[in-house]
Amino acid sequence: MAELIVALDVATAAEAEAVVDRLGDAAGFYKIGLELFSADGPAAVRAIAARRKRVFLDLKLHDIPRTVARAVERIAALGADLVTIHASGGRAMVRAAAEAARAAPAAPRIVAVTALTSLDRNDLADLGIGRPVGEQVAAMGRLAVGEGADGIVCSPREVAA
């Protein structure tokens, strides 16, 4: 049975805590994205983790390998269970994130975003990528999993690819 992931797309940690308290165990994971993390940062992650809820930290990390590895180390210490990175950060970055996660005492799983769901073929062309979205997603998925990512994120339109 699939687990429900509830997006905590709210402005403050207090609002997020209220949602979590209301829903409790009805959700398998609670997702903290850029909006909430930008407002309350690590405190938001700690608040949800302190309630013994699994945290999906959706920050889509994309930087040099060393910086991403260090960010993953800090994220693991916060109590996040899933962390997103961009597969387009390349082999070394994905590998560094996966290795940092595995080395952490409470290892978060690394999930790689293959292509933002808002991108279409024209957007990819603007970025210098000549292949169709489905092919790009498949290529980034193979790269990410091959370098140690635990899973990928893609649009339902590209799942078959």
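Trainee: In which sense do strand S4 (residues 82–86) and S5 pair, and over how many bridges?

Mentor: S4 and S5 run in the parallel sense, and five bridges join them. To count as a pair, two strands need at least two bridges found by DSSP, and a strand here is a DSSP run of E with at least two residues, numbered from the N terminus. Buried means under 20% relative accessible area, exposed is over 50%, and partly exposed lies in between, with a 1.4 Å probe and protein chains only.

Keep in mind that this is a predicted model, where local features need pLDDT of at least 70, side-chain atom pairs count only at pLDDT 80 or more, and totals for chains, interfaces and linings use all residues. Residues are numbered from 1 along each chain as its sequence is written, and side-chain values use heavy atoms, leaving out hydrogens and water.

Next, hop over to another pair. Strand S1 (residues 5–7) lines up with S2 in the parallel sense too, over three bridges. Find Ile5 and you can trace its bridge across to Phe29 in S2. From Phe29, walk along S2 (residues 29–32) and watch the side chains: Phe29 and Lys31 point one way, while Tyr30 and Ile32 point the other way. Whichever way they point, all four of these residues are buried, Lys31 included.

Terms used: Helices (H or I, at least four residues) and strands (E, at least two) are DSSP runs, numbered from the N terminus.
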